[in-house]
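Dear colleague,

I am passing on a structure that is new to you, with my notes on what was found in it. Please look through the sequence and the model first, and then read on.

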Amino acid sequence: MSVLKLKLDQDQLVDDFFEDTWLAGIITQARDYQLCWQINQHLRLDFRVNNSLEINLTKNRRSFYFSVYEYQELTKSAAHYLYNNHCKAEFLLPELKNVDYIWLIKGNYYQAQDVRNLIDQCRKVEVVQLVSLLDLKDIKNKINLIF
């Protein structure tokens with residue numbers, strides 16, 4: 001009897017997940033809930049923690065949990081996700097060790113100018129030190145962002 005093995009095409013999975021997405025890196029000293037509250041107040045968004053999207057990575061037989069906050073814009077068919085890039089001494093995206101949070105905007109509603117406007121508004125949030133647009137091609141471990 002032969003055994004059929006199915007192999008997951010990770011490149012296709014990554015391509016599908018990151019279709020019509022924008023990424024921004026945020027540097028701040030604030031805790032995740034404080035940052036989300038400030039962003040919600042200043043940008044009139046509604047980020048909320050979604051424990052079912054929490055990212056679990058295991059390194060050296062230790063588990064690390066990275067919180068994910070979510071905001072769905074139903075009228076624009078867009079979703080916003082705010083990932084915590086730090087957990088103890090580990091990073092969700094090790095190539096971005098200086099970035100505290102990753103903001104992923106998913107959906108084809110937002111164009112480049114819309115994203116730049118959001119980033120400009122986010123820069124005005126009191127606890128935010130720096131916000132910059134990230135290029136997906138420069139991120140090696142982007143599979144870590146897939147939930």
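A residue is called buried here when its relative accessible area is under 20%, and exposed when that value is over 50%, with partly exposed in between. Please keep in mind that this is a predicted model. By that cut-off, buried residues make up 46% of the 147 residues in the protein chain.

On the overall build, the protein chain has three helices and 10 strands, and from the N terminus on these elements follow one another as α-β-α-β-β-β-β-β-β-β-β-α-β. The C-alpha atoms fill a box of roughly 65 × 35 × 25 Å along the principal axes. Because a compact globule of 147 residues would have a radius of gyration near 15 Å, the 16 Å of the protein chain agrees with that expectation. Among the contacts with a separation of 6 or more, 63% come from residues 24 or more positions apart.

Helix 2 deserves a separate paragraph. Helix 2 covers residues 32-43, and since its 12 residues at 1.5 Å a residue should span 16 Å, the 16 Å between its end C-alpha atoms agrees. Within helix 2, the buried residues are Asp-32, Leu-35, Cys-36, Gln-38, Ile-39, Asn-40 and Leu-43. What covers them includes several strands, among them strand 1 (21-28), strand 5 (68-73) and strand 10 (128-134), as well as helix 3 (112-123). After helix 2 comes Arg-44, with a positive phi near 55°.

Which other residues should you look at for their backbone angles? As a general point, most residues other than glycine have a negative phi. Asp-20, which is not a glycine, has a positive phi of about 60°; Asp-20 sits in the loop between helix 1 (10-17) and strand 1, and it counts as partly exposed because its relative accessibility is 41%. Lys-88, also a residue other than glycine, has a positive phi near 55°. Lys-88 is placed in the loop between strand 7 (86-87) and strand 8 (90-91), and with a relative accessibility of 66% it counts as exposed.

How values were computed. Residues numbered from 1 in each chain as written. Predicted model: local features only at pLDDT ≥ 70, side-chain atom pairs only at ≥ 80, totals over all residues. Heavy atoms only, no water. Helix = DSSP H or I, 4+ residues; strand = E, 2+ residues; numbered from the N terminus. Expected span 1.5 Å × (residues − 1). Buried < 20%, exposed > 50% of the residue type's maximum accessible area, 1.4 Å probe, protein only. Contact = heavy atoms within 4.5 Å. Rg over C-alpha atoms; globule rule 2.2 N^0.38 Å.
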